[in-house]
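This report goes through one protein model, from single residues to the overall fold. The sequence and coordinates come next.

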Amino acid sequence: MSTAVAADISPAARRAAAEGLVALGAQMHAEGWSRATSSNYSVRLSADPLRLLVTASGKHKDRLTTDDFVLIDDTGAAIEPGAPKSSAETMLHVVLGRDAGAGAIVHTHSVWGTLLSDAYATTGVLTLSGYEMLKALPGIKTHDTSVELAIFPNTQDIAALSAELSERIKAGDEAVRYGFLIHKHGLYTWASDLDGARACVEALEFLFECEGRKLSLR
Ligand SMILES: CSCCC(=O)C(=O)COP(=O)(O)O
Ligand SMILES: [Zn+2]
């Protein structure tokens with residue numbers, strides 16, 4: 001653990017972020033997207049130096065308290081003594097906060113996202129086209145567009161996935177602009193703040209259900 005103290009983070013900002021994430025967890029669980037301790041969320045409290053408030057590992061997301069978060073640095077290490085263990089997927093949050101400029105990151109485990117990540121696994125990408133709901137994503141002004149979401153294998157090697165994700169973001173890969181899926185696992189999406197990330201997850205999960213139901217109707 002680093003010896004640095006989070007003196008640069010205001011307690012009020014930290015508390016507000018934790019309260020926002022507690023509320024998000026209750027909503028994501030109620031939606032059925034964060035069941036059985038699945039999912040992790042974070043808010044970026046500082047870009048330079050990178051400081052992310054990320055969920056502690058293994059917590060039920062409908063019962064989070066403001067103590068269930070870990071302040072981490074750009075290596076994914078907790079910067080305060082006595083912190084609980086941060087999410088097993090912490091390094092994905094670090095990459096998104098550092099390389100994608102994300103101010104808030106939401107990871108969900110929905111049924112439709114999980115099924116679609118399998119249905120399109122061989123192509124490595126899920127394409128969402130022509131939906132009005134796409135306008136909920138940052139910068140999209142027309143329904144007449146397509147959004148691609150990369151589908152990564154669920155190798156369980158978060159360090160390798162983080163490195164690949166970082167390279168694809170830095171290369172400007174459109175398939176990691178709004179989010180990505182991990183095969184038979186779930187969605188990561190992000191935005192400049194928590195409300196924006198909530199809109200992204202709500203829109204993408206809506207679109208997953210549309211695509212999933214469309215496949216079932218065929
Ligand atoms: C039952 S969920 C398995 C782990 C996972 O994918 C997840 O999202 C939660 O992991 P964390 O360490 O963040 O609790
Ligand atoms: Zn997960």
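Predicted model: local features only at pLDDT ≥ 70, side-chain atom pairs only at ≥ 80, totals over all residues.

Leu-21 itself lies in helix α1, which covers residues 11-31. Is Leu-21 buried or exposed? Leu-21 counts as buried because it has 25 C-beta neighbours inside 10 Å, and the cut-off for a buried residue is 20 or more. Gly-113 is 92 residues away from Leu-21 along the chain, and the two C-alpha atoms are separated by 21 Å.

Leu-21 is also one of the residues that touch the most other members of the largest nonpolar core, together with Leu-53, Ala-104, Ile-105, Trp-190, Ala-197 and Cys-200. That core holds 58 residues. Helix α5 contributes its largest share, with 8 residues.

An unreviewed UniProt entry places the feature "binding site" at His-107 and His-109. His-107 sits in strand β4 and counts as buried, because 27 C-beta neighbours fall inside 10 Å. Beyond four places in sequence, His-107 touches Ser-39, Asn-40, Tyr-41, Glu-89, Gly-186, Leu-187 and Tyr-188.

His-109 is in the loop between β4 and α3. His-109 has 22 C-beta neighbours inside 10 Å and therefore counts as buried. Not counting residues up to four places away in sequence, His-109 touches Trp-33, Ser-34, Arg-35, Ser-38, Ser-39, Thr-114, His-185 and Gly-186.

How many of the residues of helix α2 are buried? In this helix, residues 90-99, the count is 8 of 10, so that α2 is mostly covered. The buried residues are Thr-90, Met-91, Leu-92, His-93, Val-94, Val-95, Leu-96 and Gly-97. They pack against strands β1 (40-47), β2 (50-55), β3 (69-72), β4 and β8, and against helix α4 (158-170). Just after α2, Gly-101 takes a positive phi of about 65 degrees.

Helix α3 spans residues 111-119, and its buried residues are Trp-112, Gly-113, Thr-114, Leu-116 and Ser-117. Their cover includes β4 (104-108), β5 (125-129), β6 (146-152), β7 (179-182) and β8 (186-191), as well as helix α5 (194-217).

## Tyr-131 in the β5-β6 loop

Tyr-131 is located in the loop between β5 and β6. Tyr-131 is partly exposed, because 18 other C-beta atoms lie within 10 Å. Its contacts outside four places in sequence are His-143, Leu-207 and Cys-210. The C-alpha atoms of Tyr-131 and Thr-142, 11 residues apart along the chain, are separated by 8.8 Å.

## Overall fold

The protein contains 5 helices and 8 strands. In sequence order these elements follow the pattern α-β-β-β-α-β-α-β-β-α-β-β-α. The unreviewed UniProt entry places the feature "domain: Class II aldolase/adducin N-terminal" at residues 19-212. This span is 33% helix and 23% strand, and its end C-alpha atoms lie 33 Å apart.

The C-alpha trace spans about 55 × 35 × 35 Å along its principal axes. Why does the radius of gyration agree with that of a compact globule? A compact globule of 218 residues would have a value near 17 Å, and the protein has 17 Å. Of the 218 residues, 42% are buried.

Methods: Residues numbered from 1 in each chain as written. Chains lettered and ligands numbered in written order. UniProt positions renumbered as here; feature names shortened; annotations may be inferred. Helix = DSSP H or I, 4+ residues; strand = E, 2+ residues; numbered from the N terminus. Buried ≥ 20, exposed ≤ 12 C-beta atoms within 10 Å, placed from the backbone. Contact = placed C-beta atoms within 7 Å. Core = buried A, V, L, I, M, F, W, Y, C linked by C-beta atoms within 7 Å. Rg over C-alpha atoms; globule rule 2.2 N^0.38 Å.
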